Amino acid sequence: MTKSELIDRIAGKQTQLSSKDVELAVKAILEYMSQSLESGGRIEIRGFGSFSLHYRVPRIGRNPKTGTPVALAGKYVPHFKPGKELRDRVNQSLSMEPQMTAS
Amino acid sequence: MAEGALTKAEMAERLFDDLGLNKREAKELVEQFFEEIRLSLEHNEQVKLSGYGNFDLRDKKQRPGRNPKTGEEIPIQARRVVTFRPGQKLKARVEKYAGSKE
């Protein structure tokens, strides 16, 4: 599912808001989430999961072509931890699928 | 926004402020946003939100495990898990954050 499909699926279930409103809202939500992480914040959505930043220590990397060492600064990377409801629902879908039984 | 995490309530509040959705509409929309992503993942369908990142599914095989307390061997069942891969744009925005750890 892409962002535009997400917008269409939400719009299809909406009784109040136009597709245009849904599009603006979906883009706004993603922007709030990016802004939060960008400013060092966390995102906590019960039943879905949490986003936070993980620190990566500075290290010496190498240019893969020349082998020359390059100093890489420490940095932050986004990290997602799925919540219990999401974990359970995704995992249940595995047991619902027909099993490929080896004879 | 340094204090406290971003929550659904705060997202709805901001949709009300920024887009003029009424509070009930805003709350419902935020709920639908996360529910549609869960539904997609639940149907084993990857979610790709350009500019933010992808939610992928990975099937893990059964593997031997151990109860750390008793040392008893118990197999860890095959399971399906969600992983998040941040997009280039989000990674670039976050990388610049100079937090307290530096």
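**Contacts between the chains**

Guide: Gladly. This is a predicted model. Between chain B and chain A there are 7 salt bridges.

Visitor: Which elements of chain B supply at least two residues of the side that touches chain A?

Guide: They are helix 1 (8–19), helix 2 (23–42), strand 1 (47–49), strand 2 (53–60), strand 5 (79–86) and helix 3 (88–95) of chain B. Helix 2 of chain B gives the most, with 16 residues.

Visitor: And how do the residues on that side of chain B divide into nonpolar, polar and charged?

Guide: The side of chain B that touches chain A has 27 nonpolar, 8 polar and 20 charged residues.

Visitor: How many residues does each chain bring to the contact?

Guide: Chain B brings 55 residues and chain A brings 52 residues.

Visitor: What area is buried between the two chains?

Guide: About 5300 Å² is buried between chain B and chain A, and carbon and sulfur atoms give 64% of that area. Across this interface, 21 residue pairs are in polar contact.

Visitor: Turning to charges, how many salt bridges does the structure hold over all chains?

Guide: The structure holds 18 salt bridges over all chains. One of the pairs joins two chains, because A:Arg9 lies in helix 1 of chain A and B:Glu45 lies in the loop between helix 2 and strand 1 of chain B. The N to O distance between the side chains of A:Arg9 and B:Glu45 is 3.0 Å.

Visitor: Is A:Arg9 buried or partly exposed?

Guide: A:Arg9 is partly exposed, at 31% relative accessibility. B:Glu45 is also partly exposed, with a relative accessible area of 26%.

Visitor: Which residue forms a salt bridge with A:Glu38?

Guide: B:Arg93 does, and the closest N and O atoms are 2.8 Å apart. A:Glu38 belongs to helix 2 of chain A and B:Arg93 to helix 3 of chain B, so this pair joins two chains. A:Glu38 counts as partly exposed at 27% relative accessibility, whereas B:Arg93 counts as buried at 17%.

Visitor: Which residues are linked in a network of salt bridges?

Guide: The network links A:Glu85, A:Arg89, B:Lys8, B:Glu31, B:Glu35, B:Arg38 and B:Glu42.

Visitor: Let us stay with B:Glu42. Where is B:Glu42 found, and what does B:Glu42 touch?

Guide: B:Glu42 is in helix 2 of chain B. Leaving aside residues up to four places away in sequence, B:Glu42 touches A:Arg89, A:Val90 and A:Ser93. The C-alpha atom of B:Glu42 is 9.4 Å from that of B:Leu57, a residue 15 places away along the chain.

Visitor: A change of topic: which residues of helix 1 of chain A are buried?

Guide: In helix 1 (residues 3–13) of chain A, the buried residues are A:Lys3, A:Leu6, A:Ile7, A:Ile10 and A:Ala11. Down the helix axis these buried residues fall within an arc of 130°, so they line one face of the helix.

Visitor: What covers the buried residues of that helix?

Guide: The cover includes helix 2 (19–38) of chain A, together with helix 2 and strand 1 of chain B. The face turned away from the buried side carries the exposed residues A:Asp8 and A:Gly12.

Visitor: Finally, what is the phi of B:Asn44?

Guide: B:Asn44 has a positive phi of about 60°, although B:Asn44 is not a glycine. B:Asn44 lies in the loop between helix 2 and strand 1 of chain B, and B:Asn44 is partly exposed with a relative accessible area of 36%.

Definitions and conventions
Residues numbered from 1 in each chain as written. Chains lettered and ligands numbered in written order. Predicted model: local features only at pLDDT ≥ 70, side-chain atom pairs only at ≥ 80, totals over all residues. Heavy atoms only, no water. Contact = heavy atoms within 4.5 Å. Buried area = accessible area lost by both parts, 1.4 Å probe. Salt bridge = Lys/Arg side-chain N within 4 Å of Asp/Glu carboxyl O. Polar contact = N/O pair within 3.5 Å; in protein donor to acceptor, adjacent residues only side chain to side chain. Helix = DSSP H or I, 4+ residues; strand = E, 2+ residues; numbered from the N terminus. Nonpolar A, V, L, I, M, F, W, Y, C, P; charged D, E, K, R; others polar. Buried < 20%, exposed > 50% of the residue type's maximum accessible area, 1.4 Å probe, protein only. Arc of directions from axis to C-beta.
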